[in-house]
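Please keep the sequence and the structure in view while reading.

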Amino acid sequence: MTGSALQPARLAGADILRIGAVGLRARRARVVLSALGIAIGIATMVAVVGLSTSSRADLMGRLDRLGTNLLTAEAGKDALGQDVKLPKNAEPMVERIGPVQQATAIGQLDTRIRRSDVVPEDQPAGVTAQAARTDLLTTLNASTAKGRWLDRASERLPVTVLGAVAAERLGITGPGEKIMMNNRYVVVIGILRPVELVPNLDRVALIGFPAAERYLGFDGHPTTVFERSPDASVEDVRAVLARTVMPGSEGSVKVSRPSDALAAKAAADQGLTSLMLGLGAVALLVGGVGVANTMVISVLERRQEIGLRRALGATKGAIRLQFVTESLLLSALGGAAGAALGAAATSTFAMAQGWEVVIPLWSLGGGLAATLLIGILAGLYPAIRASGLHPTVALHAT
Amino acid sequence: MTVIELRAVTKSYPGGVHALRGVDLSIDPGELLAVVGPSGSGKSTLLNLIGTLDRPTSGTVRVAGHDVGALSDSQLSALRARHIGFVFQHFHLSPGRDAVDNVADGLLYAGVPLKERRVRARLALEQVRLGHRLSHRPHELSGGEKQRVAIARALVGEPDLLLADEPTGALDTASGRIVMELLHELHATGTTICVITHDQEIAAALPRHIRVRDGAVVSDRRSVEAAS
């Protein structure tokens, strides 16, 4: 009998979980509250990653759709600070650059725009007028929301197409209504959808080049030229664009790539994302402290249970395992709730924005891993304290 | 072979408290005995040593042939899981779990699978005549019933020794009597039982009783009439 080995039995996995859940089932309100801390942290992180990924995916999709191969050449000021005018033939010159596929132009008009003659002339509507070529819309990948765009006939007539904001400011709801340009009524034949690449065009009233020259005293000089070329040659075109538009005074021409603004926006969002991720990490840390706190109290309250388990034959290791498991379950509960919450928040918000919902798996996996790590760390110290309790002390504590 | 054997056992606590001063004691299989003494006599310390919850300062304690002093903490745990069943004054049942699960916990650390634990728990509850209370939870049971559940938990592992610490201490007289009757019955079926109490009356009713005072055994008597 003396020789027989005394080997403590190994607990089955299901038993380990069952024992770990005992303490949680007995104190539900406390479990919910301490899991909440973890849940908030994980939800923040999952939602932040999900939202920024979804928004970036949306932005990339938009960039893809709009194209990143659009360049603009805009008349600036010369060395004396005078407004310069692009030559009338700027647009055909640009079209002559080898890789250029499309080129179009607009020209700034010095025109007062009013809703009607009842509105005083000195009360600006916040809408400016631009002369536009008929191929503007196709070059910019823009489209009309209502009515028609200018064509070869209507570009000669006193008719206008309004940007989305301009229509709103003037109170125009559909084609057929009239606005006043200088002292002449002009019929609105169309309203544009917002032009994503060139938001400035949302606030203008567009009129054909010939009509502008005829009715509004336009000198026919474009102020901005737009062109598209294959993606591979964008940089080559960019290098020669100013010189082509204004040979000799290329310094007064501002060349830009509208899609850069969108890309810059994506980069700016990234900074905010890091900040929010940091906040989420702090919330998670606070949640972890909450779990550790709950576990320490749990051990203090359950000294008799610990003593009983020791009397029933639990080893120190079994007691440690019990409390680490309890802590793990507690934080896993919070983590799962948080991941679900974060995913739900992402989906709701992304769908409200009309974005495609993208929740990266690594963010869920990372959240889970963080949760488990926190569970172990938070449970370790209380578990070691619990297993260090002398069985007799624990049993006779009252 | 003896179940419990104590030889020249002493136990001192830091601060110069000598709880036990040289105790010799052996318990044979099938015995029903009481360790009786006033509080402070050292009987709780004796309980802890017999139950292997603590180790002696000197001397040897043997439980089922194993020298307690030579075993590691986890080996002692295994020893308790297999050879000793505890019954406590305040039952120590787990609230919110039914009688079967509470009793099944008695086998939890002995490596018995859940299904078998529950089967054996039901049998143990039948044995303490609580077959009609299987799915009752502790708060639905009377004090006497709770203590019978606790006894079933101690019994379910078929230990070599059932160690009861003031088993009637928290019960009224009637419930206490039922619990003692149950212990007598279990003894009759061959279970070895050691009751630790300060109650002379209970002790006197058991076949053997050991009086402890000031950390030493002052008398060890077998009463012929109670044994019969």
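Helices here are DSSP runs of H or I with at least four residues, numbered from the N terminus.

Residues in contact have C-beta atoms, placed from the backbone, within 7 Å; among those of H8(A) are Leu284(A), Gly288(A) and Val299(A), which belong to the set that meets residues of H11(A) including Ala370(A), Tyr381(A) and Arg385(A). By class, the contact comprises 13 nonpolar, 3 polar and 1 charged residues, where Ala, Val, Leu, Ile, Met, Phe, Trp, Tyr, Cys and Pro count as nonpolar, Asp, Glu, Lys and Arg as charged, and the others, Gly among them, as polar.

## Contact between the chains

On chain A, 26 residues are in contact with 29 residues of chain B. Helices H1 (13-26), H9 (303-312), H10 (316-352) and H12 (391-396) of chain A each give two or more residues to the side that touches chain B, and that side has 14 nonpolar, 7 polar and 5 charged residues.

## Basis of the model

Residues are numbered from 1 along each chain as its sequence is written, while chains are lettered from A and ligands numbered from 1 in the order in which they are written. Because this is a predicted model, local features need pLDDT of at least 70 and side-chain atom pairs count only at pLDDT 80 or more, whereas totals for chains, interfaces and linings use all residues.

Note on methods:
Two residues are in contact if their C-beta atoms, placed from the backbone, lie within 7 Å.
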